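Visitor: Could you walk me through this structure? I would like to begin with its surface.

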Amino acid sequence: MQIGEVADRTGLSLRTIRHYEEVGLVVPSARTKGGFRLYTAADVDRLMVIRRMKPLDFSLEEMRDLLSITDRLASDQPPADAERERLRERLDAYRKIADARCETLRAQLMAAEDFAATLRRRLDPRN
């Protein structure tokens with residue numbers, strides 16, 4: 001699929017997708033004779049991983065590292081047991097970070113919802 005369809009499927013802008021290509025997070029699987037980028041479903045999945053990491057404030061380097069871990073674990077040539085265990089430990093470290101950041105976001109959302117409720121109460125004509 002071309003970049004426009006990928007943008008529609010992922011909710012990312014064309015500019016963002018191109019930026020992720022420039023920094024090496026995703027590479028189009030192919031190009032047309034005219035030079036247009038072509039992406040596969042696997043490329044879209046990769047972009048969705050990146051999109052989900054962004055609100056959790058992962059850096060580009062962390063995204064790159066996590067993607068390299070998942071790429072290696074899913075490789076056609078699976079890693080040896082010791083390497084696989086190290087990769088899984090690193091992946092689990094990212095899971096723990098994501099869990100902690102989600103908890104922080106939940107707390108922030110609760111505070112924001114409480115604030116919005118306070119404003120609604122102050123606007124209530126019965127008060």
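Guide: Accessible areas come from the Shrake-Rupley method with a 1.4 Å probe, and for residues only the protein chains shown count as cover. The accessible surface of this chain comes to about 9000 Å², and 54% of that belongs to carbon and sulfur atoms. The model is a predicted one, where local features need pLDDT of at least 70 and side-chain atom pairs count only at pLDDT 80 or more, while totals for chains, interfaces and linings use all residues. Residues are numbered from 1 along each chain as its sequence is written, and side-chain values use heavy atoms, with hydrogens and water left out.

Visitor: What share of the residues counts as buried?

Guide: Of the 127 residues of the chain, 24% count as buried. Buried means under 20% relative accessible area, exposed means over 50%, and partly exposed lies in between, with a 1.4 Å probe and protein chains only.

Visitor: How many helices and strands are there?

Guide: The chain has 5 helices and 2 strands. Helices (H or I, at least four residues) and strands (E, at least two) are DSSP runs, numbered from the N terminus. Along the sequence they follow the pattern α-α-β-β-α-α-α.

Visitor: Is the chain spread out or compact?

Guide: The radius of gyration is 20 Å, well over the 14 Å that the globule rule gives for 127 residues, so the chain is more spread out than a compact globule. The radius is taken over C-alpha atoms, and the globule rule is 2.2 Å times the number of residues to the power 0.38. Along its principal axes, the C-alpha trace spans about 65 × 45 × 20 Å.

Visitor: Which residues touch the most other members in the largest nonpolar core?

Guide: They are I17, Y20, L47, I50 and F58, in a core of 23 residues. A nonpolar core is a set of buried Ala, Val, Leu, Ile, Met, Phe, Trp, Tyr and Cys residues joined through side-chain atoms within 4.5 Å. Helix 1 (3-10), helix 2 (14-22), helix 3, helix 4 and helix 5 each supply at least two residues of this core. Helix 3 gives the most, with 5 residues.

Visitor: What does Y20 touch, leaving aside its neighbours within four places?

Guide: Contact means heavy atoms within 4.5 Å. Beyond those neighbours, Y20 is in contact with L12, L25, V26, L47, I50, K54 and L60.

Visitor: V26 is on that list. Where does V26 lie?

Guide: V26 lies in the loop between helix 2 and strand 1 (30-31). At 1% relative accessibility, V26 counts as buried. Not counting residues up to four places away in sequence, V26 touches I17, Y20, E21, D43, R46 and L47.

Visitor: Let us change topic. How many aromatic pairs are there?

Guide: Rings of Phe, Tyr and Trp (its six-membered ring) pair if their centres lie within 6.5 Å; planes under 30 degrees apart count as stacked, over 60 as edge-to-face and the rest as tilted. By this rule the count is 1 aromatic pair. The ring centres of F58 and Y94 are 6.0 Å apart and the planes are at 50 degrees, so the pair is tilted. F58 lies in the loop between helix 3 (41-53) and helix 4 (60-73), and Y94 in helix 5 (residues 81-123), so the pair ties together parts that are 36 residues apart in sequence.

Visitor: Is F58 buried or exposed?

Guide: F58 is buried, with a relative accessible area of 6%. Y94 also counts as buried, at 11% relative accessibility.

Visitor: Which charged end sits over the ring of F58?

Guide: That of R101, 4.6 Å from the ring centre. A charge sits over a ring if NZ of Lys or CZ of Arg is within 6 Å of the ring centre and within 35 degrees of the ring normal.
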